[in-house]
Amino acid sequence: MATLTTDAARSSDWAFKQLFKLESKCRAPTPATQVEAIGAFPKLLDQFPFPTLVSSAFLKLGDLFRSSPNSLRYHIAQVFEASQQHLAQISQTEELLKRILVVLYSNDSIARVLALRLLGNASSVFAKYPEAQHGILLRYQSSHPLEIVAAAQTTESMLKYSPGFLEVVWKTVLAKANDEKVPDSVRVQLIRSLQHAAPNLTLSTLLYSHCQRWVRQPENTAIVLCAAMCTWKAVVQRHNELQLDDADYVSQYTTHELTSIRRAALALLGKWRPLYQTANTGRMAEIKRRFTAQLHRLLADVATSVDLYELRQATVVLARIEAADKGAGTPESWSVVHAYAAWARRAFYDSSNSPQSPAKTNRQLHASNSLEVDLAYRYLVSSAMLAINVATILDSADCKTAAAGIVRGAWEILSEVGGGGSGDGVIRYLRRFLRMSWFWCRSMDVESEIVPSTRPDLEGSDSPFAVFSGAEFNFAVEGFLQLPRHPLPATPQRIRIAIWLARQPRRSAGQDLQLCAKYFDIAQQTAGPSTSRQAPESADNSGLESLLDKATVFEADLDGDYFTCSCALAVPSLRAMFGHADANAILYIHILCTLVDSSDCNWWTGSHMSYPLFISTTAKA
């Protein structure tokens, strides 16, 4: 312990010496030396995040910001942005704010812009101070366009950490947002910043009427219209339900030529609840007609280009209208789902069996085929998930049975090609699809529609994980059981998972079988790896080896054929073992699953998987 304390003291002394060197370089006569020294501050703070060092460094930067020219002030503001994770350790925030406010109240407009930018970068610590709020409010009275832009950006940053600031700038921001002489880029930032009024009952009610007027003003540009719709969506709540007249007007934008306008309108209508607004059947029928026509156009162009977001949102809104209407016959939204699912299946088979063009090189061919296959997987999975969403909204037994059939068909197609993909995105998409569709089938009592043999076997990718030395690495192990068709000698009830760290990844199949019994015995005999040991640094890293190959056991109950188990792995402390702060190690997490029957006997062992784990004392979280 004495050795660690002495090393920490030496590191602290060395860090302050480096800080003094940087300060002297910042006052050098050469601008290049000054810029280089200012740019070295984030690296020093990341390497030695001591509270006293952090406070001293930022106070020195505040002094430099107050006395330096605008060229250096820009780089100092960049340092505040790059070191935001260290701002909370500043103990003298008021003193630092005073140094910045001196520049904010100066006669130089560019200096005031840079001061506003610095306040925005450090809004996590400055947002609660009335002095900073008042200084930002005064900058809206400036005639300089850059100053108004900076004030709008800083206001949006401040509101993330101090929502009460909106009451201070409410009238000023609204006045600027309604001023057509203000540039559209500034109006967009101001309108978007007003989304923080959603939790306030009074302000959100007032903002609803303003958004209503902004959307209905024909002279507003597309970016202002999108910002107004996004803010309107944020304030649509139980006390601010989207009215039928407003939904009718916004639905006209779902056929706009710009994709951003269409998406913003669909996102806003996604919060509309037509179930409580069925009095005006004529207006509701007109909205339904618009969505039906738009969906038919999307399906007609689906072979060339398909926007999954527009298709999904429009179908969900149409399904809600039809659920509120409760008309006879097959719902139009379900017809869209059925047509899209049929097209997705054809597109998947076409991409899997597409001939390779001899004119392309191998690299180009691999890239193009990979992209096509990824899109085909996404189309297939999105069609099944859309069927689940629409069937749940319509709440019809026939639609639920048909949705289960679509899910079963997707599972069968995936099982035919092995359930794999060409990238991590496909694997994540398939995992989400399997989990959500499985839960939905169980909740809707249509589980029997799914044939167990059609479930694809998915394995995770070998992407590395990074974790701090001495921390606890938390993860979850999940999957589906593929049991044999013949009768089993026992009934599985729980899944038992053993995890451990090792220097090497998994061995060959034969060695894995030999090591299964060994590591399972270790897992039963130990409570887990200890991180409290301390060993000197040596050539063979004996201190690290003493912590490896010791497994921890976790158990979870089976939910039908599905299981999920939360695991926590204690990571060795490299600082405690090696005695210095800069140490890295690459180890491997080994996972071994075993089924436990009703008599607590282990009668089946799963595959042995391993994943790389990068352990570091200096890496960012």
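Mentor: A nonpolar core is a set of buried Ala, Val, Leu, Ile, Met, Phe, Trp, Tyr and Cys residues joined through side-chain atoms within 4.5 Å; buried means under 20% relative accessible area, with a 1.4 Å probe and protein chains only. This is a predicted model, in which local features need pLDDT of at least 70, side-chain atom pairs count only at pLDDT 80 or more, and totals for chains, interfaces and linings use all residues. Residues are numbered from 1 along each chain as its sequence is written, and side-chain values use heavy atoms, with hydrogens and water left out.

Trainee: Which residues touch the most other members of the largest nonpolar core?

Mentor: Phe126, Trp232 and Trp334 do, in a core of 140 residues. Helix 20 (residues 362–394) gives the most to this core, 13 residues. A second, separate core has 27 residues, among them Leu501 and Ile615.

Trainee: What is Trp232 in contact with, leaving aside its neighbours within four places in sequence?

Mentor: Contact means heavy atoms within 4.5 Å. On that basis the partners of Trp232 include Tyr208, Val215, Asp246 and Leu268.

Trainee: Why does the span of helix 6 agree with its number of residues?

Mentor: Helices are DSSP runs of H or I, at least four residues, numbered from the N terminus. The expected span is 1.5 Å times one less than the number of residues. Helix 6 (residues 93–104) has 12 residues and should therefore span 16 Å; its end C-alpha atoms are 16 Å apart, which agrees.

Trainee: What covers the buried residues of helix 6?

Mentor: The buried residues of helix 6 include Leu96, Ile100 and Leu104. Their cover includes helix 4 (51–67), helix 5 (70–82) and helix 9 (130–139).

Notes. Helices (H or I, at least four residues) and strands (E, at least two) are DSSP runs, numbered from the N terminus. Buried means under 20% relative accessible area, exposed over 50%, partly exposed in between (1.4 Å probe, protein chains only).
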